[in-house]
Amino acid sequence: MKALDDLPRAWRLLVGFFAFDLALGYTTALGYVWNTTRMAPRGISERFRGNEGDPEAVEIAFAKSLQEMLGLTHSHVLAMVVFLFVMGGLTLLARRPSSGWRSFLALEPLLALPVSFGGLWLAWGVHPGFSWLVSVSSGLAALAFYGQVFVVLRACAVPTRAEEP
């Protein structure tokens with residue numbers, strides 16, 4: 001199989017713009033999460049379990065319903081698994097870094113996806129302490145995703161041997 005680095009220039013541009021645009025969308029999503037939860041376990045818990053009983057709450061948040069949890073999980077998991085699979089595959093096609101690092105970067109977000117959403121369900125329905133699982137798992141997935149973007153963009157920026165002056 002051809003390495004990503006060896007694809008013709010037009011293909012590398014296509015893949016590079018795809019990775020960049022996906023990173024832009026992912027970063028926007030993280031901005032939304034920051035705005036609604038401050039990316040903190042307490043914020044995650046309040047966002048999904050509500051805070052109606054907290055007299056110190058600045059803004060009242062109502063607990064998500066089962067229907068809202070199902071819709072959120074359904075839409076996010078189905079969309080995220082597709083772009084994480086594609087980015088993971090592109091990461092595996094790059095020449096660098098080592099195959100071990102590429103495998104880790106490719107697989108970690110796909111492993112973190114069910115852990116993060118499972119933790120979200122546990123934080124919603126069992127105990128707010130599971131918000132820590134969501135924070136850690138999602139944080140590691142984000143780091144791995146941005147690692148994928150870096151690997152793919154670097155592979156797309158390197159000219160093939162035929163294109164070198």
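Student: Which helices each supply at least two residues of the lining of the largest pocket?
Tutor: Helix 1 (9-37), helix 2 (41-49), helix 3 (66-93), helix 4 (99-125) and helix 5 (131-157) each do. Helices here are DSSP runs (H or I, at least four residues), numbered from the N terminus. This is a predicted model, where local features need pLDDT of at least 70, side-chain atom pairs count only at pLDDT 80 or more, and totals for chains, interfaces and linings use all residues. Residues are numbered from 1 along each chain as its sequence is written, and side-chain values use heavy atoms, with hydrogens and water left out.

Student: Which helix gives the most to that lining of the largest pocket?
Tutor: Helix 1, with eight residues.

Student: What volume does the largest pocket have, and what counts as a pocket?
Tutor: The volume is about 870 Å³. That is the space filled by probe spheres set on the grid points, which are joined across faces, edges and corners. The grid is 1 Å, over the protein atoms alone, with a 1.4 Å probe; a pocket is an open set of points with protein on both sides within 12 Å along at least five of seven lines, and lining residues have an atom within 4 Å of a point.

Student: Which residues lie nearest the centre of the largest pocket?
Tutor: Leu30, Val33, His76, Phe117 and Ser138, out of 32 lining residues. The lining divides into 21 nonpolar, nine polar and two charged. Ala, Val, Leu, Ile, Met, Phe, Trp, Tyr, Cys and Pro count as nonpolar, Asp, Glu, Lys and Arg as charged, and the others, Gly among them, as polar.

Student: And the lining of the second largest pocket, how does that divide?
Tutor: Into six nonpolar, five polar and six charged residues. The second largest pocket holds about 450 Å³ of space. Its lining has 17 residues, with Thr36, Glu46, Asn51, Glu59 and Ala61 nearest the centre. Helix 1 and helix 2 are the elements giving two or more residues to this lining. Helix 2 gives the most, with four.

Student: Switching to helix 2. Which residues are buried there?
Tutor: Pro41, Gly43, Ile44, Ser45 and Phe48 are buried. Buried means under 20% relative accessible area, exposed over 50%, partly exposed in between (1.4 Å probe, protein chains only). The buried residues of helix 2 pack against helix 1, helix 3, helix 4 and helix 5, with contact meaning heavy atoms within 4.5 Å.

Student: What follows helix 2?
Tutor: Gly50, with a positive phi near 85°.

Student: How many salt bridges does a search of the whole structure find?
Tutor: Three. A salt bridge is a side-chain nitrogen of Lys or Arg within 4 Å of a carboxyl oxygen of Asp or Glu. One joins Asp6 and Arg95, with the closest N and O atoms 2.0 Å apart. Asp6 lies in the segment before helix 1 and Arg95 in the loop between helix 3 and helix 4, so the pair ties together parts 89 residues apart in sequence.

Student: Which residues are linked in a network of salt bridges?
Tutor: Arg42, Glu46 and Asp54. Arg42 meets Glu46 at 2.9 Å, N to O. Both lie in helix 2, four residues apart, about one turn of the helix. Asp54 also meets Arg42 at 2.9 Å, N to O. That pair links distant parts of the chain, with Asp54 in the loop between helix 2 and helix 3, twelve residues from Arg42 in helix 2.

Student: Is Arg42 buried or exposed?
Tutor: Arg42 is exposed, at 55% relative accessible area. Glu46 is partly exposed, at 23%.
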